[in-house]
Amino acid sequence: MFDFRQGALPLSDLIKDVPPALAYACDLAFMAAFDTFDYDGSCVPTTHALAEYLRRLGREPTLVRPCVIIVAKCHCTPERLEQMHAEVEARSHAAGYPATWRMTRTGTCNGQVCKGAAFNGDGASNVCGHLIVVCDGYLLDPTIGQINNDAVHLDPLVLPLPADWDARGSVKFLDPEGTWVQYSKYRRQTGWKSRKDARKSYWMPVLNRMLELELDISQSAGWALWWPMLDNVTALSIPA
């Protein structure tokens, strides 16, 4: 029987040891994407910008296409949850894209009003699925908020990867609202590289905005930044 709470840790337990530098970079990418696109951001250019940002810090980030399953807290019977889980996975595999989906609640959940919905990314990229950054044993997802609605309220995430991540292992958690989330690595790492928003000209404004925000934060706080990339800030064509 499909039990969406089995093996899931509280989110607070998973993130308590997250390196502050990675959490800060992920939040910065989220804020920059929001400013650039006027909404929660497009996963393709935002993750490309975040990866380049980390690369300039001397890290070795990798772009990864995940399979993400999100289940809003509800009162569906285990039988109904298992049925919807199977239906969505079948549709996703038939269509050839990852099973990134959510179960949402409308009004009073009586076991019948919840339904799974495939998450096809955002309107800018038209990419079926999602894109994250993996770096130093952690996954960074600055645009998971694309899937938010009145039942799901997720913020940018930085989560530790399990030891078997590359062998179809998964990381799963329950957020404070009772929403269950599971990340795993999708079997096919293709589909975004040829998209227009994977081009440098498309994601560079997000990176530039990240550095602009960083400058604003450092100047207002009055302390020196701990990373060296600002020595090359003029090379990034940041507007005056």
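What follows is a chat about this predicted model, one question at a time.

Trainee: Let's start simple. How many helices and strands does the chain have?
Mentor: Remember that we're looking at a predicted model. The chain holds 240 residues, and 50% of them count as buried. As for its secondary structure, the tally is 5 helices and 10 strands.

Trainee: Is Thr47 buried or exposed?
Mentor: Thr47 sits in helix H3. Skip its neighbours within four places in sequence, and Thr47 still contacts Leu63, Leu131, Ile132, Val133 and Pro142. Buried means under 20% relative accessible area. Thr47 comes in at 0%, so the word for it is buried.

Trainee: And Ala23, how far apart in space are Ala23 and Leu159?
Mentor: Ala23 belongs to helix H2, and with 27% relative accessibility it counts as partly exposed. Setting aside neighbours within four places in sequence, its contacts are Val18 and Val158. Along the sequence, Ala23 and Leu159 are 136 residues apart, but from C-alpha to C-alpha the gap is 9.3 Å.

Trainee: What kind of aromatic pair do Phe30 and Phe34 form?
Mentor: A pair of aromatic rings is described by the distance of the centres and the angle of the planes. Phe30 and Phe34 are both in helix H2, 4 residues apart, or about one turn of the helix. Their centres are 6.3 Å apart with 45° between the planes, and that makes the pair tilted.

Trainee: Why do the rings of Phe37 and Tyr202 count as stacked?
Mentor: A whole-structure search turns up 2 aromatic pairs. This one links distant parts of the chain, with Phe37 in helix H2 and Tyr202 in helix H5, 165 residues apart. Planes under 30 degrees apart count as stacked. The ring centres of Phe37 and Tyr202 are 6.2 Å apart, and the pair is stacked because the planes meet at 20°.

Trainee: What is the bridge partner of Ile69 in S10?
Mentor: S3 and strand S10 (residues 180–185) run antiparallel, joined by 6 bridges. Look along S10 for the residue bridged to Ile69, and you land on Gln182.

Trainee: I've spotted some cysteines. How many disulfides are there?
Mentor: A disulfide is a covalent bond between the sulfur atoms of two cysteines. Cys26 is buried at 0% relative accessible area, and Cys135 is buried too, at 1%. To count, a pair of cysteine sulfur atoms has to lie within 2.5 Å. By that rule, the number of disulfides is 0.

Trainee: Last one! Where is Arg168, with its positive phi?
Mentor: Most residues other than glycine have a negative phi, and most peptide bonds are trans. Arg168 has a positive phi near 70° even though it is a residue other than glycine. Its relative accessibility is 67%, so Arg168 counts as exposed. You'll find Arg168 in the loop between strand S8 (157–160) and strand S9 (170–174).

Methods
Residues numbered from 1 in each chain as written. Predicted model: local features only at pLDDT ≥ 70, side-chain atom pairs only at ≥ 80, totals over all residues. Heavy atoms only, no water. Helix = DSSP H or I, 4+ residues; strand = E, 2+ residues; numbered from the N terminus. Buried < 20%, exposed > 50% of the residue type's maximum accessible area, 1.4 Å probe, protein only. Contact = heavy atoms within 4.5 Å. Phe/Tyr/Trp six-rings, centres within 6.5 Å; stacked < 30°, edge-to-face > 60°. Pairing = 2+ DSSP bridges.
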